[in-house]
Amino acid sequence: MKTSEVLLNIRRSFKLTQEEMANKLMVTRQAVSRWENGDTVPSTDTLKIISMIFNVSINHLLGQYNNDICHYCGAPIDKIKSGVHSEIFKGEAMKNILVTGGAGFIGSNFIQYMLTSKIHNNIINLDALTYAGNLENLSTVKDSPKYTFVKGNICDGKLLDEIFTKYDIDIVVNFAAESHVDRSIIEPDIFVKSNVIGTHVLLEIAKKHWKKKPEDKYDREYKSGVKFIQISTDEVYGTLSYTGLFTEETPLAPNSPYSASKASADMFVRSYHETFGMPVNITRCSNNYGPYQFPEKLIPLMINNCINNKPLPVYGVGAQVRDWLYVEDHCTAIYAVMMNGISGEIYNIGGNNEMKNIDVVKFLISELGKTDNLIQYVKDRPGHDMRYAIDNNKITSELDWSPAYTFKQGMKKTIDWYLTNSEWMNRVITGEYEHYYSKMY
Ligand code: NAD
Ligand code: TYD
């Protein structure tokens, strides 16, 4: 393929004007000039640089994004694991991504995002299907040839070993966790098992499969393109008072069993990078909201109760402050970290959208046409963190990420989703949830 054809592909697919294209190409000038000056087949380096700058796969650059056939030899991209293409396709295009906890709220949004807008990946979703895991969340992608579901626990090293061997995993995105603070107050043990021990087992198996010489404790070389991404939370930093923001340097000071278990997992991930040289990133995001969130968390619980004219249980006087981020923005941030995050680095993710709980509840009441009479102030959560707020400068400046949704836009999409998916809600609130709700409130 000629350079001019590739450049045209880029311009068309990004709908860039000539001028915008020229600006983008300034950055890639060196790479492109090597290509223009005689490389008949663009070098792997050239393709990698351009694909990184445009944040797309190499196949996309080559205009192969519709049929997934290798431009050079016509083989299906999935099958190419060796030969002249191996470096290109293994390095940038086709990744085998193990998503753990992919049947939960954020994991299922992430899988849908990856399979619909970033097609050059195989996703293997390992989920234990706890009360929070729901395969219905993945009904839109379940038949994709690039998607595989495995039911199982991240504490099960034998199963993980089989998965790494069978699917040749390149990237782990570890969402799997017990995720609810209130449950961690009632039953902390399971948080230690899934969040701490599970993360450690995953790290061990990844090390075994990714390290070039796993038996040599001094060897720090890993297969190319591998990375372990730990999905953590801003709650590991503890609580803020009325001022200040969490930066990546804020000392960890978790206050709930949930945040303590997440902080412990982060420490293990860090140690695997420091001691064994494993390529890792840790992301610490603020409170998410959006489709498929289990109605034990503030926003879906209040939406559901509003719709059904049930009391809205506000802890204390609702003065606690959270920073809210629409889940799709969290997914794009994770993708940015996956593609361009510097190994060993932590990235805070936040929406610059701090709100008091009571204001969130009142916003929902007004959007759903109800009155404040539904509000019921209940006993406060023990050890309740007062305020979370994120300084997201690092990810915005270094990885060029920013949230695409305002709170109003994200909430509109969220409310619409819950209104049109009442059957989803009705199914998840029966059984275990009913039991939990009556015990909790
Ligand atoms: P969720 O509770 O909705 O989903 C968790 C998923 O993990 C479920 O599908 C569950 O079945 C699965 N799971 C639990 N234990 C498992 C185990 N041992 N093995 C395999 N699968 C297991 O949680 P979520 O809100 O989607 O959060 C996902 C991740 O993001 C968590 O790690 C959480 O700490 C983190 N996070 C969440 C938020 C938020 O606002 N929800 C914010 C920041 C970070
Ligand atoms: P939650 O969604 O559980 O997230 P987190 O505790 O991880 O921040 O709760 C968000 C805030 O809403 C938190 O300050 C607790 C409060 N809250 C209520 O006031 N009432 C409720 O019924 C729930 C679930 C939460």
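**Exercises: two ligand sites in a predicted model**

Helix 6 (105-117), strand 5 (227-233), helix 10 (257-276) and strand 7 (287-289) each give at least two residues to the shell around ligand 1. The model is predicted.

**Exercise 1.** Find which element supplies the largest share of the shell around ligand 1, and how the residues of that shell divide by class.

*Solution.* Step 1: strand 5 supplies the largest share, 3 residues. Step 2: the shell divides into 13 nonpolar, 13 polar and 3 charged residues.

**Exercise 2.** Identify side chains that have an N or O atom 2.6 Å from an oxygen atom of ligand 1.

*Solution.* Step 1: list the nearest of the 29 residues around ligand 1, which are Ile 106, Asp 127, Ser 179, Tyr 258 and Lys 262. Step 2: check the distances. The side chain of Tyr 258 has an N or O atom 2.6 Å from a ligand 1 oxygen, and for the side chain of Lys 262 the distance is 2.6 Å. Ligand 1 taken alone exposes 830 Å², of which the protein buries 96%.

**Exercise 3.** Describe the surroundings of ligand 2, from its closest residues to its buried area.

*Solution.* Step 1: of the 18 residues that surround ligand 2, the closest are Glu 235, Arg 322, Arg 381, His 384 and Tyr 441. Step 2: polar side-chain atoms lie 2.6 Å from a ligand 2 oxygen in Arg 381, 2.7 Å in His 384 and 2.9 Å in Asn 287. Step 3: the protein buries 97% of the 510 Å² that ligand 2 exposes when taken alone. Step 4: by class, the shell holds 8 nonpolar, 5 polar and 5 charged residues, and strand 8 gives the most, 3 residues.

Conventions: Residues numbered from 1 in each chain as written. Chains lettered and ligands numbered in written order. Predicted model: local features only at pLDDT ≥ 70, side-chain atom pairs only at ≥ 80, totals over all residues. Heavy atoms only, no water. Near = heavy atom within 4 Å. Polar contact = N/O pair within 3.5 Å; in protein donor to acceptor, adjacent residues only side chain to side chain. Areas by Shrake-Rupley, 256 points an atom, 1.4 Å probe, with all protein chains shown as cover. Helix = DSSP H or I, 4+ residues; strand = E, 2+ residues; numbered from the N terminus. Nonpolar A, V, L, I, M, F, W, Y, C, P; charged D, E, K, R; others polar.
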